[in-house]
Number of protein chains: 2
Amino acid sequence: MKKTPLLFLFALLTLPLMAQKKRFTIDDLIPGGSTYYAHSYPATKYLTWWGDACMELGIERCKNIDGQVISPALATLTLENINGILAANGRKTIDHLYSISFPEPHMPYVLIDRGREKTLVDWDNRKVIWKATLTPDVSNEDWDKHSRSLAYTAEHNLYVLTADGKTHQVSSDGSADLAYGTSVHRDEFGIEKGTFWSPDGTLLAFYKMDQSMVSKYPQEPPFFSPQGGTAHSDSSTSPKEEDGRGLPYPMAGETSHKVYVGIFNPQTDKTVYLNTGDPTDRYFTNIAWSPDGTRLYLIELNRDQNHGSLDEYDTATGEKLRTLFTEDNPKYFEPTHPIQFLPWDDSKFIYQTRRDGYNHLYIYNVASGKQVKQLTSGQFEVIDVLGFNTEAKTVLYTSNEQHPLQQNVFSVDMKGKRTLLGNGTGWHNASLSESGQYFIDNYSSPLIARHIDIVPTTKGDIVNVLSAADPWSDYQVPEIKTGTIKAADGVTDLYYRLILPTDFDPNKKYPAVVYVYGGPHAHNIDASAHWGARGWDIWMAQQGYVMFCLDNRGSEHRGLNFEQATFRHLGVEEMKDQVKGVEYLKSLPYVDADRLGVHGWSFGGFMTTSLMTTYPDVFKVGVAGGPVIDWRFYEVMYGERYMDTPQTNPEGYEETSVLGKAKNLKGRLLVIYGGNDPVCVPQHTLSFMRACIDANTYPDLFTYPGDGHNMMGTDRVHLHNVITRYFEDHLK
Amino acid sequence: MKKTPLLFLFALLTLPLMAQKKRFTIDDLIPGGSTYYAHSYPATKYLTWWGDACMELGIERCKNIDGQVISPALATLTLENINGILAANGRKTIDHLYSISFPEPHMPYVLIDRGREKTLVDWDNRKVIWKATLTPDVSNEDWDKHSRSLAYTAEHNLYVLTADGKTHQVSSDGSADLAYGTSVHRDEFGIEKGTFWSPDGTLLAFYKMDQSMVSKYPQEPPFFSPQGGTAHSDSSTSPKEEDGRGLPYPMAGETSHKVYVGIFNPQTDKTVYLNTGDPTDRYFTNIAWSPDGTRLYLIELNRDQNHGSLDEYDTATGEKLRTLFTEDNPKYFEPTHPIQFLPWDDSKFIYQTRRDGYNHLYIYNVASGKQVKQLTSGQFEVIDVLGFNTEAKTVLYTSNEQHPLQQNVFSVDMKGKRTLLGNGTGWHNASLSESGQYFIDNYSSPLIARHIDIVPTTKGDIVNVLSAADPWSDYQVPEIKTGTIKAADGVTDLYYRLILPTDFDPNKKYPAVVYVYGGPHAHNIDASAHWGARGWDIWMAQQGYVMFCLDNRGSEHRGLNFEQATFRHLGVEEMKDQVKGVEYLKSLPYVDADRLGVHGWSFGGFMTTSLMTTYPDVFKVGVAGGPVIDWRFYEVMYGERYMDTPQTNPEGYEETSVLGKAKNLKGRLLVIYGGNDPVCVPQHTLSFMRACIDANTYPDLFTYPGDGHNMMGTDRVHLHNVITRYFEDHLK
């Protein structure tokens, strides 16, 4: 790993305590709190691209930020003008310009998306170019700007509204068991949606999913709420059950759903399904179109997730043409990025894989299916491809090459020469312009709340758009440190974050709470603002706790071996690492080793319940939210990747089940779940309660009726009061 | 009220603390505890009647207790002999003689009931007289000893097995929505079963209940338990759901079920249904046969429960012959005792009513339907009719005439002369012999754990069978006192029970916990052993708490006005009385007024949540189990009796709902519910949680997955550890 000795990285974030500085309320610190946006969220600007021109969206006007000459039409780009056009055409008016977008680089067109009512307006010529008016039951809208066709779903069926105003019904037998045009495979393998327009928008690839053979998980028991019961729910993860039979939820080792890929042609009203054969126990992922629309590529994965193939299908016939190549991994292979054709060379595409231990970019030849070149390499992870600079023939991407805790923007040319773009510190999020010559660089770093620049990808000057003030500058912010300790393997560096109590006195002894997630696809410590500290960490520091967090082996951005150390016995190595973190904590003179707590949610809830029952003498108090308790109750896709099946890995499931360890519980453990959690279904928590009752041990419980996997809005503030109170009750 | 100044009643139960006396474990005190039967349950004898001979059942032998000459066959009444007969006839043998019964007074017959296998054995002549072998899905068995016909249900249908071995299918369209032969009206109005044999056993009256129009309450979410999930459940109150659609649960003001009464004649295989007309919103209760089997009597009640009629039907045609009389009450009329014909005079029957303010016995003439005589009267309650002494023409019954806290046995002759039977103290349970000349008198009183006598109902000597030692005699038992305070109305005497901490020191200040039920049909304080103190009271006293309990207005055995004070706003007057109790508690110099707790279950859970939110400054800590939170979620029958409907009494429902008071919660409140509670469905607790979350208040929660309205077995011990711990956490 290329170590960048950035001095600031291990520096202390010390803000002198001044008498006049304010103390936080919990509403200041927790998303959903009444003062959270005012007191914790740094100022921002709403930016979008109009071709290569960066537009700052406002209420009544938009302005061009980077001085790119675009169009004399800028003067007429006003709320008043646009509302006039909308009203004249019988469309609903809008209250501000924050949500408009510019689909065509050189045309004075804005898309007004009001959900059910979508309108493409030529504001300069005062015309409606395109419009759609949908019924309330519509979702999964997918608009193609080239053909101006709109795909959408309604009551499980798929429809296409073409630019001529004609509605095409793609399917008619959709039901709660048979979904068209939605995301499949429970959003694993990078899948986020179920429709995929061909490059010119004339063909629509879509998923069809048959869940009739999948066991149903019932909806939560009824309760009365003036707000209607689900008003507080995290709607993105809340079940939508229609027939009272429960939600299809395939648990590890059980019968899973079947997925099909169709291609609909609005000109012929015909659908061709890919001729994949029996789809049982097969994952069809990472759909990509060839630039000419004649071929569809997907990565097929077996149910065991250790063998994949990049397959090419004929989009006219649905027949499989060939497998370009396969990839195997003795533990698991997890493709999450569709192939991307080079804009300047249709004969080549970029393929991402971690086959050398880190996620990297590879150039492949389409015709031969052979690798042409490994474009990036090194002990760092390519995190995401942002796009291309077609003129310079470079690929723009983010990676943590600068430091494992950072995310920075790079370009790489076809020879493999990488160039750092932007300032090379902190955590950068980027949005590329039409040509790929610029990106909006929105970043933070431990001492920077938010900074926005327009950064050229080849040459030119950086334009600063915003340097937001630290919203916490008037508050007593506790000291936040990071550092590394060795993992339980004795070799691997693990990053921790340590937060001292707000009124820290090195001669006192403080209780300490470990916040843990610990699962794959996530990290807790990074070089973003305040080292990624959570608002609750700050709140607890203000209450007098030392707060500690450690990204154990198994977490993201540290390479394949780091992640796969947990294979077939999730939680075991992770806990060993967390115990190393506890040893470090105990070595600190101001930490009271007899007053250690642990808190985590989801995988972190699994870690918390596991730690409390596997190392019952380490932690006095734990709070676990939405926990996995037994991987047998978790979904096929995620669960079997790491654990295989209960049939093929019974000892691993047994070893990691918290049910068998319920008898070991000694400390105080509060378990919290959302009554309608469709991710870690209540079966986990309820089974743990039953196991503890049977074993004569004594957890505590809380539930949020109507909530899903996470509590949102005011419920999230309530939740953190509940969590805090539990530590105050039992750890202080 | 006739006051009996029994000296002991207000005496102190003081057991000197001696160093060598033991301290209880929780298992000693809680039913389900491993040592409960050994350390808390007084010795007993298993007695039954063989005609007028009292038989003590044993493992290998039975003996005649009272020296009644019965039969020389007694010598052959042995386990060995009976098992020999059973085995010779291919029947399963038995392990003991505790469960046998003697259906015929003068015959050496015993009924061996092994659930599915029932056998009537003539042990002296070594013959099987009658037998039935049933399938596993059978329940509701009802055997008539005269005809030796057995009624039973299987998969919602009703069957009759006649003595000739023939099975008669009474119904065939039974389903989860349509039940035959089961109890109806949710066991209210004294209904406990759904089949009623005519006096000679030749006709079977039965209930049929159509619940297809009743809203379903879903089963609890799934959980995993090695014991199978419902192993710990209170099976008598656990839902039995078959089709995943939920249990029919008619909530107040909603559409209720429809009940029909049929009469099946096994000789003709015909069923006649009573011609009642449309059964919507009508209760058919208190079924009774005329002695000759030609008439069926029932008390019909309107849905509002303020108007009833005693109706006579022809059992051959099902036609209604007449209404003998009606009874109205401006609040509610609640018949719970079927009429009983005088054995020596078929022209008269006994009718029980509280129409004069207390439950009393009235003689009615069948032909005229007119009252002949009020047989008992006074400010006391007739609790139950035990039967008749036909020779002496007396009615045997229990009442609390001696004292409101007592239950004693009386006889009354046809002139209304009442005679106390037995010792006139304590709490007596009685079982009458065949002729009514004797009863088994099983009683306890504050200083007597259990005493069993055979008591003659006319003349003769009492035969003592057992004087059980106090099982707590080796333990440090806290001081238990009772007394009265005035209710909030300033007039009514209310009984309380006060238990001092085990190691009481009058100079110390102790925390105090109020245990409350408070609802109708129940009381907590009586003159049984230890004044009815609960094991958990003793446990808490040992932990150093003052334990207090008060039977407020609304509770049982104190007359109609006392009960009906709560009409249309359940909980309001009850709470006022409990606050009077608290004032008394606070007046005690050794009670710490800042450390008051409250605990109750079911109606007591309603009282606890209501008290914590209505009087938020009174109690610091509460534990509510299986609570009613809003009477809208409670069943039609019980709920509308006291509250009318949400449509006709919206202000009463609003006033008593704990949902609107959730915002007032200040103290610590733990709410506990059985995951499968079919009585106070989880909707109560879950709605309360949601209301508190919305109101930004902070209850705590616990649940017992798989359990019903009450926790039984080891779960009950666990429960009381949870309850105790909560007070230890927050009240000490």
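This is a predicted model: local features need pLDDT of at least 70, side-chain atom pairs count only at pLDDT 80 or more; totals for chains, interfaces and linings use all residues.
A residue counts as buried here if 20 or more other C-beta atoms lie within 10 Å of its own. His720(A) has 22 C-beta neighbours inside 10 Å, so it lands on the buried side. Leaving aside residues up to four places away in sequence, His720(A) touches two isoleucines, Ile26(A) and Ile30(A), along with the tryptophans Trp536(A) and Trp539(A). Another histidine, His709(A), sits eleven residues from His720(A) along the chain, and the C-alpha atoms of the pair are 15 Å apart.

Zooming out, chain A is built with eleven helices and 41 strands. Its C-alpha trace stretches over about 70 × 60 × 60 Å along the principal axes. Buried residues account for 51% of the 732 residues in chain A. As for who meets whom, take the contacts in chain A between residues at least 6 apart in sequence: 59% of these link residues at least 24 apart.

Over in chain B, a hairpin is worth a look. Strands β32(B) and β33(B) make up this hairpin, with six residues between them. The two strands, residues 448-456 and residues 463-468, run antiparallel and are joined by five bridges. Arg450(B), for one, has Ala468(B) in β33(B) as its bridge partner. In the turn, Gly460(B) shows a positive phi of about 115°.

Methods. Residues are numbered from 1 along each chain as its sequence is written. Chains are lettered from A and ligands numbered from 1 in the order in which they are written. Helices (H or I, at least four residues) and strands (E, at least two) are DSSP runs, numbered from the N terminus. A residue is buried if 20 or more other C-beta atoms lie within 10 Å of its own, exposed if 12 or fewer, and partly exposed in between; C-beta atoms are placed from the backbone. Two residues are in contact if their C-beta atoms, placed from the backbone, lie within 7 Å. Two strands pair if DSSP finds at least two bridges between them.
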